Amino acid sequence: FMFVGNVRVAPRLKDAINRTIERKGKVIIPSFILERTQEVIYFLNELLKEKIIPSVPIYVDSPLATNITDLFNYHLDFLNEKTRQAFNRGDNPFELLNLRFIRDQKESKALNIDKRPMIIIAGSGMCESGRILHHLQNNIEDSRNMILVVGYMAQDTLGRRIVEKLPFVKIFGVEHELNAEVVVINAFSGHADQAGLLDFVSGCLPLKRIFLVHGEPAQSQILSDILAQKGLDVRIPDKDEEVLLK
């Protein structure tokens with residue numbers, strides 16, 4: 001695993017956090033627990049070292065994300081050279097003074113009555129389950145707060161409805177008014193964009209056939225059309241379709 005210093009992430013992350021903290025709000029970050037949570041912490045650490053965001057409490061509210069982060073500390077060989085050097089200097093991005101990992105449910109619930117400005121990172125990444133639902137339930141109606149989206153939100157998920165900024169969203173079957181600011185930082189995405197996928201295909205030629213099996217239908221169709229224009233045999237399989245490969 002490599003931490004990548006994406007220049008598009010830091011400025012937007014800084015602006016989003018500073019704007020929310022200035023109005024005494026909370027930054028709620030739904031995050032995938034593997035790699036994405038650790039990336040977010042890494043960038044927060046970079047911003048804190050540069051003293052360009054305030055030193056507010058940061059909570060990772062997920063027992064599994066806590067366990068996975070421990071693995072990062074134990075397996076430095078899987079990190080890139082720059083990050084390993086930082087660890088060797090004693091600059092561990094997962095040991096910030098204001099960073100706390102939460103396992104206990106009581107501690108998790110206590111965050112909802114804590115009125116201080118803070119940053120809460122919790123799963124699940126698409127807001128369909130997990131502790132993030134409780135934090136959204138308790139913070140989504142306050143306009144001082146921000147929901148910071150750092151990952152892909154599939155169709156028909158709560159996360160997508162938040163990204164689309166619907167006036168009301170259901171959480172645990174109850175409608176809540178979406179008053180919190182919603183900010184999406186796509187630069188965190190672990191997926192290649194269209195140009196990246198086309199470059200990948202170009203490096204794999206010649207190919208007998210290409211199957212597009214991961215993505216939303218509209219975007220898959222656009223990519224399929226572009227590949228077909230290049231003379232490639234492309235297919236978007238139907239659900240439960242079986243294909244015999246020869």
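Predicted model: local features only at pLDDT ≥ 70, side-chain atom pairs only at ≥ 80, totals over all residues.
1. Strands here are DSSP runs of E with at least two residues, helices are runs of H or I with at least four, and both are numbered from the N terminus; two strands pair if DSSP finds at least two bridges between them.

2. Take one pair as an example. Strands β2 (residues 58–61) and β4 (residues 118–122) run parallel over 4 bridges, and V60 stands opposite I121 in β4.

3. Now look at a helix on the sheet.

4. The largest nonpolar core has 35 residues, and L13, L44, I119, I121 and L148 have the most contacts inside it. Such a core is a set of buried Ala, Val, Leu, Ile, Met, Phe, Trp, Tyr and Cys residues joined through side-chain atoms within 4.5 Å, where buried means under 20% relative accessible area (1.4 Å probe, protein chains only). Helix α2 gives the most to this core, 7 residues.

5. A second, separate core of 22 residues includes L111, I120, I140 and V182.

6. A word on reading the model: residues are numbered from 1 along each chain as its sequence is written. Local features need pLDDT of at least 70 and side-chain atom pairs count only at pLDDT 80 or more, while totals for chains, interfaces and linings use all residues; side-chain values use heavy atoms, leaving out hydrogens and water.

Technical notes. Buried < 20%, exposed > 50% of the residue type's maximum accessible area, 1.4 Å probe, protein only.
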